[in-house]
Amino acid sequence: MSFEEIFDASYKRVLQTRPGTPEFFEAFYRRFLMSSPEVRVLFRNTDMAVQRRMLKKSFFSLVAFYASDSVDDVLHRIACLHSARHLNVEPHLYDLWLECLIDTVRVYDRECSDDVELAWRLVLS
């Protein structure tokens, strides 16, 4: 099984919300916001419901980029917007973002393993 297939299977699992738990992207953003005061400042005026929907949609572009090495317009726009120049997103925050995401995957994917974690890291890098 390829890392793309491992990622796809894991992604489907994390989206299956269990009763009484927040959906995956909500849980991720809660973790990410709690990870740093700097993150909380960046998101202080953000509609988090809209933010979660945008992140969920952007995952399709990330997977397509991983599979094809071709940047679509959506991914290019997101990359430009999230640069230090536009939204003042410092590079170290990308590492924190990824670690918070992986931590959330560990909680939401009952089949999480070293290969699953590596697949997420490869696809999202």
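Close-up 1. Leaving aside neighbours within four places in sequence, Phe59 is in contact with Phe7, Tyr11, Phe25, Leu101, Trp120 and Leu124, where contact means heavy atoms within 4.5 Å. The model is a predicted one, in which local features need pLDDT of at least 70 and side-chain atom pairs count only at pLDDT 80 or more, while totals for chains, interfaces and linings use all residues. Residues are numbered from 1 along each chain as its sequence is written, and side-chain values use heavy atoms, with hydrogens and water left out. Phe59, Trp120 and Leu124 are the residues with the most contacts inside the largest nonpolar core, which has 32 residues; such a core is a set of buried Ala, Val, Leu, Ile, Met, Phe, Trp, Tyr and Cys residues joined through side-chain atoms within 4.5 Å. At least two residues of this core are supplied by each of helix 1 (3–14), helix 2 (24–34), helix 4 (48–68), helix 6 (92–108) and helix 7 (114–124), and the largest share, eight residues, comes from helix 6. Helices (H or I, at least four residues) are DSSP runs, numbered from the N terminus.

**Close-up 2. The crossing of helix 4 and helix 7.** The axes of these two helices, helix 4 and helix 7, come within 8 Å and cross at roughly 90°; the axes are lines fitted to C-alpha atoms over the stretch in contact, and angles run from 0 to 180 degrees between N-to-C directions. Helix 4 and helix 7 are therefore roughly perpendicular to each other, a description used for angles of 65 to 115 degrees. On the side of helix 4 the contact is made by Phe59, Leu62, Val63 and Tyr66, and on the side of helix 7 by Trp120, Leu122, Val123 and Leu124.

Close-up 3. Ser58 has its place in helix 4 and is buried, with a relative accessible area of 8%; buried means under 20% relative accessible area, exposed over 50%, and partly exposed in between (1.4 Å probe, protein chains only). The side chain of Ser58 reaches the backbone oxygen of Leu55 at 2.8 Å. Thr104 lies in helix 6 and, at 1% relative accessibility, counts as buried. Leaving aside neighbours within four places in sequence, Thr104 is in contact with Phe24, Ala27, Phe28 and Arg31.

**Close-up 4. The salt bridge between Asp109 and Arg13.** Eight salt bridges are found in a search of the whole structure, each being a side-chain nitrogen of Lys or Arg within 4 Å of a carboxyl oxygen of Asp or Glu. In the pair formed by Asp109 and Arg13, the closest N and O atoms are 2.6 Å apart. Asp109 lies in the loop between helix 6 and helix 7 and Arg13 in helix 1, so the pair ties together parts that are 96 residues apart in sequence. Both Asp109 and Arg13 are buried.

Close-up 5. Glu26 is partly exposed at 23% relative accessibility, and Arg30 is partly exposed with a relative accessible area of 47%. Glu117 counts as buried at 18% relative accessibility, whereas Arg121, at 23%, counts as partly exposed. Glu117 and Arg121 are also linked with Glu99, Asp103 and Arg106 in a network of salt bridges.

Technical notes: A polar contact is a pair of N or O atoms within 3.5 Å; within protein, one must be able to donate a hydrogen and the other to accept it, and residues adjacent in sequence count only if both atoms are side-chain atoms. Angles under 35 degrees count as roughly parallel, over 145 as roughly antiparallel, 65 to 115 as roughly perpendicular and the rest as oblique.
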